[in-house]
Amino acid sequence: MLNAINSVIIDGMSFTLPLFIMAIGGIYSERSGITNLALEGLQGMGAFVGALVAYILGQQLGGDSRVPFYMAMLFAMLGGCVYSMLHAFLCIRLKANQVISGVVVNILAMALTSFLTKAINRTAFGAPSDKFDLGVSDRFTVPGISKIPILGAFFTKVYPFEVIIIIAAVIAWYFLYRTRFGLRLRACGDNPAAVDAAGGDVAKTRFIAVMVSGALSGLAGMCFAYSISAKFSSDIYMGYGYLAIAGYIFGNWEILPSLFACLIFGFARSAGSEIVLAAGLPTAYSDLIMILPYALTLVLLIFFSKHNAAPHALGEIYDKAKR
Amino acid sequence: MNQRSKNFLKVAVISVLLSLLAGAVVILILGKNPLSAYYNLLQGCGLAPKAKYGGSQSQLTDLSSYIDYWTPMIFAALSCAFAMKAGLFNIGISGQMLTAGFIATITVGYAENLPGPVAKILVVLIGAAAGMGVGALIGFLKYKFNINEVVSSIMLNYIAKYIISFFIQMYFIDPVSRQSRNITDAARLTFHQVDVGGYKYDLPIGFILALIATFVVKFVMDKTVYGYDIKAVGLNRTAAKYAGIRVGRGIVSSMAISGLLAGIAGVTYYLGYFSSIQPKVLISTGFDAIAVCLLGNSEPVGILVASFLIEIISKGSAYMSSQAGLESEIASVVTGLILLASACNAYFLGRMQRRQDRKHPALLSAAVATSADSGGSAQVKNSPEAGKGKKV
């Protein structure tokens with residue numbers, strides 16, 4: 001029983017944290033006033049770039065090196081960041097419909113990454129394959145604290161990326177709520193005209209916010225590639241980006257409440273698969289478990305959407321002439 | 001055709017050409033001949049003759065198979081357009097197609113002893129009802145609980161995908177093909193491999209339905225009070241409410257009709273083009289339908305043309321892949337690029353409008369009236385001079 005609870009916590013945390021960092025990215029973008037349905041595509045593109053770098057470095061450096069892992073994280077953030085500029089450009093400069101732009105960016109990411117994965121594998125590595133194998137990242141256990149019952153599970157078999165995510169989340173929180181830039185960003189989402197009048201640059205702030213969301217989503221995608229999938233392939237598009245969106249809507253566009261939403265998703269998922277395992281049910285039942293986070297999202301949204309207050313100017317194109 | 005539609009057509013043609021050009025550059029980089037690759041696309045759809053054909057096959061065989069493949073896309077894109085007119089975005093078309101296809105398969109598809117015509121009519125009705133149910137649910141969640149329809153339909157997509165995969169794997173699996181068991185021929189909406197004069201053809205009934213549906217949707221949109229209400233809700237919800245239009249009814253019913261069309265798309269796909277369902281797969285038709293809808297300006301006739309084009313790329317990619325040795329995914333990249341170009345068409349339309357305004361100041365008053373209803377994408381200018389130097 002204790003073992004089961006421990007593994008629920010361990011698996012739950014390794015799913016929750018990438019989801020959480022992606023939700024923070026979404027919060028940045030949406031608090032600045034840009035609807036971001038592109039998270040799914042951004043995390044996939046980030047994971048693709050990171051996995052490609054890790055794959056190349058892994059071949060050069062051999063299997064034991066830790067360098068590919070950290071470089072993959074870095075390049076995943078870069079890749080997500082650069083790709084997100086497409087969404088930002090469409091929404092801000094070309095004034096496209098932000099919902100459509102987000103969906104388009106997703107579809108293009110799926111098409112591009114699965115095409116490029118195949119094309120690169122065939123031409124550069126000479127082996128027809130639709131994936132980059134990465135393997136599961138190493139894990140570490142903090143000595144001492146991990147012996148505490150139940151609480152210790154939070155320090156057992158931790159992926160290194162979980163630490164990276166927590167650091168990134170704290171920094172992101174500080175910037176959003178405690179700096180002049182964060183204040184301006186949040187104002188852009190509620191009253192862009194006021195920011196403009198105060199001498200701020202709405203377009204630039206929003207552009208940066210979308211790029212931050214791209215970088216954080218890319219990081220999340222890479223984490224999924226190194227844990228759940230153990231590879232990069234089109235399997236990376238499991239809809240976790242949309243789950244993150246549901247997470248921050250449920251969390252009312254604030255960082256800490258969103259963490260709780262993500263925790264619920266993560267633990268629902270890991271508890272479900274633990275139950276299937278413990279009851280010895282056939283593997284087809286794992287499909288039913290896969291539904292849990294999605295169904296839970298819908299049910300929670302039914303209860304919480306009504307009282308939610310989205311940023312006032314969310315999804316609106318800022319037009320100076322209308323001030 | 002008024003000036004706005006002409007402009008739109010121009011932008012659409014340019015965006016398709018640019019996307020094909022970008023695809024050609026990629027094919028060149030991979031060291032293949034883009035022209036022959038694109039010609040392969042046409043050959044794969046029976047629109048150009050292949051070098052040689054197998055026994056009892058001809059160019060018309062390929063063409064009939066292409067029309068069979070094209071049919072679900074017409075319904076799916078109409079579904080997307082109907083929601084789009086009401087200002088809603090139905091990204092759950094694939095899930096609605098799957099739900100409708102699955103329910104029709106297990107109810108009518110596996111029923112023995114049903115006469116063909118009855119079974120086929122039942123399949124269409126059940127598919128339409130199933131899709132309508134899912135669509136109405138999304139509309140209801142949007143209206144009643146303020147849940148963004150994009151998020152809820154994506155959640156329903158995944159829920160449908162996994163639940164249906166569970167049931168297929170538990171109860172309806174064919175151990176050899178790893179798909180659901182084949183449906184009876186009576187229930188199938190396509191007369192599969194019909195022998196006419198020594199050649200075999202696939203004759204889809206759904207295609208006739210699709211043409212009818214195209215004109216029914218056009219009629220409802222352009223000529224009825226209901227269509228007017230829906231468009232008013234789509235353009236400005238608050239204004240529609242103050243004009244006495246029941247916004248809630250508009251949202252739920254337009255989403256239900258969108259789901260209905262998606263449901264018929266589902267049965268023409270799973271019980272027409274195919275006769276089984278692959279578990280754990282959500283087909284891309286529902287997403288490509290968005291590209292078709294944007295490219296066709298959400299107009300039924302535009303959709304007919306746009307879907308014809310997009311489906312050539314999609315269907316022909318398999319033949320191109322086998323002939324040119326290119327990854328068939330290049331097709332979805334080109335579709336994605338067309339989608340990308342279509343997403344910014346509002347911007348280019350606005351620019352075009354402004355340039356025309358400068359050239360013909362006399363037309364300006366009319367142009368101001370049309371650009372004012374285009375939802376902020378085109379800027380309203382007071383005089384031709386004002387538009388010149390100002391950059392936004």
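Domain bounds in this briefing come from an automatic or database domain assignment. On that basis chain B is divided into domain 1 (3–343) and domain 2 (350–389), and the C-alpha centres of domain 1 of chain B and domain 2 of chain B lie 36 Å apart. The model is predicted: local features need pLDDT of at least 70, side-chain atom pairs count only at pLDDT 80 or more, and totals for chains, interfaces and linings use all residues. Residues are numbered from 1 along each chain as its sequence is written, while chains are lettered from A and ligands numbered from 1 in the order in which they are written.

**Chain A**

- Chain A has 11 helices and 2 strands, where helices (H or I, at least four residues) and strands (E, at least two) are DSSP runs, numbered from the N terminus.
- Read from the N terminus, the order of elements in chain A is α-α-α-α-β-α-α-α-α-β-α-α-α.
- Chain A has a radius of gyration of 20 Å, close to the 20 Å that the globule rule gives for 323 residues, so chain A is as compact as a globular protein of that length. The radius is taken over C-alpha atoms, and the rule is 2.2 Å times the number of residues to the power 0.38.
- Along the principal axes, the C-alpha atoms of chain A fill a box of roughly 60 × 50 × 40 Å.
- Of the 323 residues of chain A, 53% count as buried (20 or more other C-beta atoms within 10 Å of the residue's own, with C-beta atoms placed from the backbone).
- Of the contacts in chain A between residues at least 6 apart in sequence, 76% join residues at least 24 apart; a contact means that the C-beta atoms of two residues, placed from the backbone, lie within 7 Å.

**Pro68(A)**

- Pro68(A) belongs to helix H3 (residues 67–93) of chain A.
- Pro68(A) counts as buried because it has 23 C-beta neighbours inside 10 Å.
- Apart from neighbours within four places in sequence, Pro68(A) is in contact with Ala54(A), Leu57(A), Gly58(A) and Leu61(A).
- From Pro68(A) to Gly58(A) the separation is 10 residues in sequence and 6.0 Å in space, C-alpha to C-alpha.

**Chain B**

- The secondary structure of chain B consists of 16 helices and 4 strands.
- The radius of gyration of chain B is 23 Å, close to the 21 Å from the globule rule for 392 residues, so chain B is as compact as a globular protein of that length.
- The box filled by the C-alpha atoms of chain B is roughly 70 × 55 × 35 Å, taken along the principal axes.
- In chain B, 54% of the 392 residues count as buried.
- Among contacts in chain B with a separation of 6 or more, 77% are between residues 24 or more positions apart.

Conventions. A residue is buried if 20 or more other C-beta atoms lie within 10 Å of its own, exposed if 12 or fewer, and partly exposed in between; C-beta atoms are placed from the backbone.
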